[in-house]
Amino acid sequence: MRYLIYIIVAAATIVSCKEKNIASQEWHFEKNIPLDGINPIGIAMDGNDIFLSDGDHNRVVKINEDGNMLFEMPGFERPMHIEFGEADFEIT
């Protein structure tokens, strides 16, 4: 019985020491998006739409991948962190 336990431990050790392929962790530049008149503090994405919290102008704006403003939500007091939760859009 003792030898069986040693064999199981040795087999588990050998299997767990298998070398893993590590994916590249580097960032790659994709493109520049002009943000004329928007000073973003926070960023969140929903599909291809980009939401930016513009603390200097007390608003949250939604832009597309070309930098065109789709709509703006004014009236916030210096919004910073934005995020999509499980079901809602959260602004702090």
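User: Which residue meets the side chain of Asp66 in a salt bridge, and at what N to O distance?
Analyst: The model is predicted, and the values below are computed from it. A salt bridge requires a side-chain nitrogen of Lys or Arg within 4 Å of a carboxyl oxygen of Asp or Glu. For Asp66 the partner is Lys31, with an N to O distance of 3.7 Å.

User: Why does the pair of Asp66 and Lys31 tie together parts that are apart in sequence, and by how many residues?
Analyst: Asp66 lies in the loop between strand 3 (59-63) and strand 4 (69-74). Lys31 lies in the loop between helix 1 (2-16) and strand 1 (40-46). The pair therefore ties together parts whose separation in sequence is 35 residues.

User: Which residue meets Arg59 in a salt bridge, and what is the N to O distance?
Analyst: Arg59 has its place in strand 3 and, at 10% relative accessibility, counts as buried. Asp54 is also buried, with 0% relative accessibility. The side chain of Arg59 meets that of Asp54, at 2.9 Å.

User: To which backbone oxygen does the side chain of Arg59 reach?
Analyst: Residues that Arg59 touches include Gly37, Ile38, Leu52 and Phe76. A polar contact of 3.2 Å also joins the side chains of Arg59 and Glu72. The backbone oxygen reached by the Arg59 side chain, at 2.8 Å, is that of Gly37.

User: How many residues apart in sequence are the parts tied together by Arg78 and Asp56?
Analyst: Arg78 forms a salt bridge with Asp56, with the closest N and O atoms 3.3 Å apart. Arg78 lies in the loop between strand 4 and strand 5 (82-84), and Asp56 in the loop between strand 2 (49-54) and strand 3, so the parts tied together are apart in sequence by 22 residues.

User: How many salt bridges does the structure hold?
Analyst: Among them are the pair of Asp66 and Lys31 and the pair of Arg78 and Asp56. The structure's number of salt bridges is five.

User: What is the geometry of the aromatic pair formed by Phe51 and Phe71?
Analyst: The structure holds one aromatic pair. Phe51 and Phe71 form that pair, with 6.3 Å centre to centre and 70° between the planes. Planes over 60 degrees apart fall into one class, so this pair is edge-to-face.

User: How many residues apart are Phe51 and Phe71?
Analyst: Phe51 is buried at 7% relative accessibility, and Phe71 is partly exposed at 36%. Phe51 belongs to strand 2 and Phe71 to strand 4, and the pair links distant parts of the chain, apart by 20 residues.

User: Which residue is the bridge partner of Val60 in strand 4?
Analyst: Strand 3 and strand 4 run antiparallel and are joined by five bridges. They form a hairpin with five residues between them, and Gly67 in the turn has a positive phi of about 90°. The bridge partner of Val60 in strand 4 is Met73.

Technical notes. Residues numbered from 1 in each chain as written. Predicted model: local features only at pLDDT ≥ 70, side-chain atom pairs only at ≥ 80, totals over all residues. Heavy atoms only, no water. Helix = DSSP H or I, 4+ residues; strand = E, 2+ residues; numbered from the N terminus. Buried < 20%, exposed > 50% of the residue type's maximum accessible area, 1.4 Å probe, protein only. Phe/Tyr/Trp six-rings, centres within 6.5 Å; stacked < 30°, edge-to-face > 60°. Pairing = 2+ DSSP bridges. Polar contact = N/O pair within 3.5 Å; in protein donor to acceptor, adjacent residues only side chain to side chain. Contact = heavy atoms within 4.5 Å. Lists of a residue's contacts leave out its neighbours within four places in sequence.
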